[in-house]
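This briefing sets out selected features of the fold for use alongside the sequence and coordinates. Please read the points below with the structure in view.

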Amino acid sequence: MQLGFIGLGKMGGFMVERLRRENHDLNVFDLSDAAVKTAEGHGAKGQKTLKELVDSLTAPKAVWVMVPAGAPTENTINELAGYMQKGDIIIDGGNSKFTDSIARYNRLKEKGIHFIDVGTSGGVWGLKNGYCMMIGGDKETFTHLEPIFKTLAPPEGYGYMGASGSGHFVKMVHNGIEYGMMQAYAEGFEVMKAQGYDLDLQSISHLWNQGSVVRSWLLELAESALSKDADLSGLKGFVNDSGEGRWTIEAGMAKDVPTPVITAALYARFYSRNPDSFTHKMLAALRNEFGGHAVQKTE
C-alpha cells in the first residue's frame, strides 16, 4: 500500500523500516532531517512539509500520525485535515486519550475524512517482534488499511476493537495494567535485594521465565536491564508517566470500577519524583511527636 507517515522517532522510524521491508510505498515527514534521511535509507521518500507529504500521495490518501499525544497530535491532525479531501484517511497511532480520538473522528467526519485510532504496543522492540495493535473506527476503513496492520503486527497481533476511540481506550487500559505489573516486579526485586542473601537478581529473573506463573516479556526486560547494570546504580529512581495510567483510573471512576493496584502504581511514580517530599517529612514529624520515634535531621 501507499502510506504517508509523520513522526520518525525511535518507534515511528522502526515502523517505517518494517513497512519498507515488505515494499509498502512510504512518503515520510519529520522535523528532524536526520530522521528523514534514515527513513530514506530504507527506501522511503522524504517530504519537506506536511502539504508536500499529502500532495505526494494518490487518492484515497492515507497518513499515519506517530507524534506525542496532546498538542503535537492535535496540531498535526488539524493541519493535515486542511490539505486532505473527502475519502482520505488519517491514522493516529500514538497514545492519545480515547475521548480526544472520538472528538477528532466526529470533527473529521463532517469533512468526509476518515479517522482511525490505533493503540500501538511494542516500543523499540517492535521492529524485530512486531507491534500489537488495537484499532478503532469504521470497519470499512479498518479493512482497507489491513495490509498495513498485517505488516506491522506479528501473527494474530492486531485486532478491530470497534467504534471510534475503542482502539485507544483498550490501549489505555493495557498501559494501566502495565503500571501495576511493573510496580509488582519492582517491589518484589527490592524485597529480594534487601534481604541479605546476596541473590543474583538477573539469574532469578531468567529462572522465573522458565515456566513460572509470573513469566512475562516485562520480566525478560528486567533480566536484560540487570545484565547491563546488576545494581541499577547508573539510574536515578525517577519514573515518569505519559498519561495512560491516569486516564485508566479516571475511566474506572466514571463507571464506579475500583482500580487500587493501578492507582497505587501511579502514586508510586509520583513519589519517585520527589524523594525528599513534604509528605514524608510530615510523617516523620508526627511519629516523633506522638511516640518520640527517632527522626533523621538534614545536615
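A residue is called buried when its relative accessible area is under 20%. The model discussed here is predicted. In this model, the buried residues of helix α9 (residues 201–208) are Leu201, Ile204 and Ser205.

**Helix α9**

- An open sheet is formed by 8 strands, arranged in the order β3-β2-β1-β4-β5-β6-β7-β8, and its pairing is mixed.
- Ile90 has Phe115 as its bridge partner in β6.
- Helix α8 (residues 166–195) packs on the sheet and touches β5, β6, β7 (132–136) and β8.
- The direction of α8 makes about 15° with that of β6.

**Helices α4 and α5**
- The axes of helix α4 (residues 71–83) and helix α5 (residues 98–109) come within 12 Å and cross at roughly 10°.
- Angles under 35 degrees count as roughly parallel, and α4 and α5 are therefore roughly parallel to each other.
- On the α4 side, the contact involves Thr73, Glu74, Ile77, Asn78 and Ala81; on the α5 side, it involves Arg104, Arg107 and Leu108.
- Sorted by class, the residues of this contact between α4 and α5 are 3 nonpolar, 2 polar and 3 charged.

**Met15**
- Met15 belongs to helix α1 (residues 10–21).
- Is Met15 buried or exposed? Its relative accessibility is 0%, so Met15 counts as buried.
- When residues up to four places away in sequence are not counted, Met15 touches Phe5, Trp64, Met66, Thr120, Tyr131 and Leu152.
- Met15 and Leu283 are separated by 268 residues in sequence, and their C-alpha atoms are 48 Å apart in space.

Methods
Residues numbered from 1 in each chain as written. Predicted model: local features only at pLDDT ≥ 70, side-chain atom pairs only at ≥ 80, totals over all residues. Heavy atoms only, no water. Axes fitted to C-alpha atoms, helices over the stretch in contact; angles between N-to-C directions. Helix = DSSP H or I, 4+ residues; strand = E, 2+ residues; numbered from the N terminus. Parallel < 35°, antiparallel > 145°, perpendicular 65-115°, else oblique. Contact = heavy atoms within 4.5 Å. Nonpolar A, V, L, I, M, F, W, Y, C, P; charged D, E, K, R; others polar. Pairing = 2+ DSSP bridges. Buried < 20%, exposed > 50% of the residue type's maximum accessible area, 1.4 Å probe, protein only.
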